Amino acid sequence: MLKIYNTLHRKKEIFKPIKKGKAGVYTCGPTVYNYAHLGNLRTYIFADILVRTLRYNKYKTKWVMNITDVGHLTSDADEGEDKLEKGALREKKSVWEIAQFYTDVFKKDIKLLNIASPDIWCKATDHIQEQIDLIKRLEKKGVIYKTSDGIYFNTSKIKDYGKLAGMDLENIQAGKRVCLREKKNPTDFALWKFSPKNKKRQMEWNSPWGIGFPGWHLECSAMSMKYLGEHFDIHTGGIDHIPVHHTNEIAQSETATGKKFVNYWMHGEFLVIDKKGKMAKSGENFIILKKIIKKRFNPLSYRYLCFLTHYRKQLQFSWEALISAQNALNNLYEKFFNLGKKIGKVDKNFQEKFITLINDDLNMPLVMALLQKVFNSNIKDENKKATVLEFDKILGLNFNKVERKTVPKIIIDLAEKRLKARKEKNWNLSDKLRDDIEKKGYIIEDIFQDKYIIKPKIN
Ligand code: AMP
Ligand code: ZN
């Protein structure tokens, strides 16, 4: 019995699929105008655990993820510039080049983090017709209107707008602190934006209402319904999507079809950094996967770090925490290696506990504690090994690839010399020795000032 927290009802609920034995999952994908940061990636690690858990429970799962390559404006409230056009200006490339570049990087990143590849990738710019068709359906329902800059959805025309976020429309209307411009209600949102009159956008399309581009929320409704049907099981994203993006997806999808859109809405909490607040694509606290790899971390140590905090709790990022995660993971690899070559039977008792925890709204912190218990237990080594590999179907920490490479004596000697040079503050010699070691295919991590770690170089 799998229980998941449904934001729509603010409680844990038993997962009941629409079609017996099957599950349809849609995850809001990245906006590809910049690198994904570790916060974004946390949200996809959470979605990966969900999908792996559904599959572990034998649900035939179809996972769909979009690529937002148009329409996401710098303010979620339909104002500001298109993030993609802004990215293109910044890098002096075309919008299409920017989108392709960051899409490719994103796909590599999720592979490095062992995030399963979605069954379907869909790009907003490949689905313009579907988005126009959806606006046409809404037009027939009489819920749209035109302003000088676009076509808007009139949120006062529907009864339950804001139900996902528990928003009170009356109060928002009364407060009216939000700048309305030509909008009829503060919560109204753009379905289609017109291209500026005096400027040609790189991405723009014809539509029955004028040349322009689709609003960001529209793409996720159009593509999720295309690939998963008008009513599907689970939709995921980060918590910032609750009040605007997902609220608007529900409004437009349910108004167009006249039926319930999604049964379970799941949201991952933010990654925050020290006291600087949420990790965001703009701003100084922007850490990307490439940076941690450059600092010689195994990307899976970030995956491990994410497991230590439940997906519905904020996770504080710090380099110290990442170092501990990496050390803890290396310890586990070492223990696993020492279990020998033979793979025995999965321990049923531990497996049952594992299933209970994972099925309790993906309780990864307790799963990690259980993993330690397996290692420390007195079951046979070969059965420990089988049990860890069984857990790893969801953990995805690559225990099946653990191997030990002995570090040759010549490398150890160079490292000792380098440590001595550092103690004597002979930085030139220390740097030279580091280069020598690297040339021989090994790397040194300066994680602690007076210690060093040696391991084989990745790639
Ligand atoms: P974006 O590429 O900006 O569209 O965001 C991709 C995903 O990352 C969305 O699901 C966001 O909700 C999520 N997200 C954004 N910032 C953070 C953060 N600091 N921590 C966790 N998830 C985040
Ligand atoms: Zn979305």
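Which residues are buried in helix H2 (residues 83-91)? They are Lys83, Leu84, Glu85, Gly87 and Ala88, where buried means under 20% relative accessible area, with exposed over 50% and partly exposed in between (1.4 Å probe, protein chains only). Helices (H or I, at least four residues) and strands (E, at least two) are DSSP runs numbered from the N terminus.

Before going further, a word on how to read this: the model is predicted, local features need pLDDT of at least 70, side-chain atom pairs count only at pLDDT 80 or more, and totals for chains, interfaces and linings use all residues. Residues are numbered from 1 along each chain as its sequence is written, chains are lettered from A and ligands numbered from 1 in the order written, and side-chain values use heavy atoms, leaving out hydrogens and water.

**Around helix H2**

The buried residues of H2 pack against strand S5 (73-75), strand S6 (79-82) and helix H3 (95-112); contact here means heavy atoms within 4.5 Å. At the start of H2, the backbone nitrogen of Leu84 has a side-chain oxygen of Asp82 within 2.9 Å. This is listed as a polar contact, a pair of N or O atoms within 3.5 Å; within protein, one must be able to donate a hydrogen and the other to accept it, and residues adjacent in sequence count only if both atoms are side-chain atoms. After H2 comes Lys92, with a positive phi near 50°.

**The zinc site**

Cys28 (SG), Cys220 (SG) and His245 (NE2) coordinate the zinc ion (ligand 2) at 2.0 to 2.2 Å. Donors are N, O and S atoms within 2.8 Å of the metal (3.2 Å for Na, K and Ca); water is not among the atoms, so sites may look incomplete. The donor spacing in sequence is C-x191-C-x24-H. Distant parts of the chain are linked here: Cys28 sits in the loop between strand S3 (22-27) and helix H1 (38-56), and His245 in helix H7 (residues 242-257), 217 residues apart. Both Cys28 and His245 are buried.

Helix H7 also holds Glu249. Beyond neighbours within four places in sequence, Glu249 is in contact with Cys28, His217, Cys220, Ser221, His235, Phe261 and Trp265.

| Residue | Relative accessibility | Class |
|---|---|---|
| Ser207 | 15% | buried |
| Glu249 | 0% | buried |

Ser207 lies in the loop between strand S10 (189-194) and strand S11 (212-214). A polar atom of its side chain is 2.7 Å from the backbone oxygen of Gly210. Leaving aside neighbours within four places in sequence, Ser207 is in contact with Ile132 and Trp192.

**Cores and domains**

A nonpolar core is a set of buried Ala, Val, Leu, Ile, Met, Phe, Trp, Tyr and Cys residues joined through side-chain atoms within 4.5 Å. In the largest one, of 72 residues, Leu38 and Tyr302 touch the most other members. H1 gives the most to this core, with 11 residues. At least three residues come from each of domain 1 (3-268) and domain 2 (272-401), with bounds taken from an automatic or database domain assignment. The assignment also gives domain 3 (409-456), and the C-alpha centres of domain 2 and domain 3 lie 29 Å apart.

**Confidence**

The protein chain averages a pLDDT of 91, and 93% of the residues score at least 70; pLDDT is the predictor's confidence in each residue, from 0 to 100. Over residues 447-451, pLDDT stays under 50. Where pLDDT is low, the predicted coordinates should not be read in detail.
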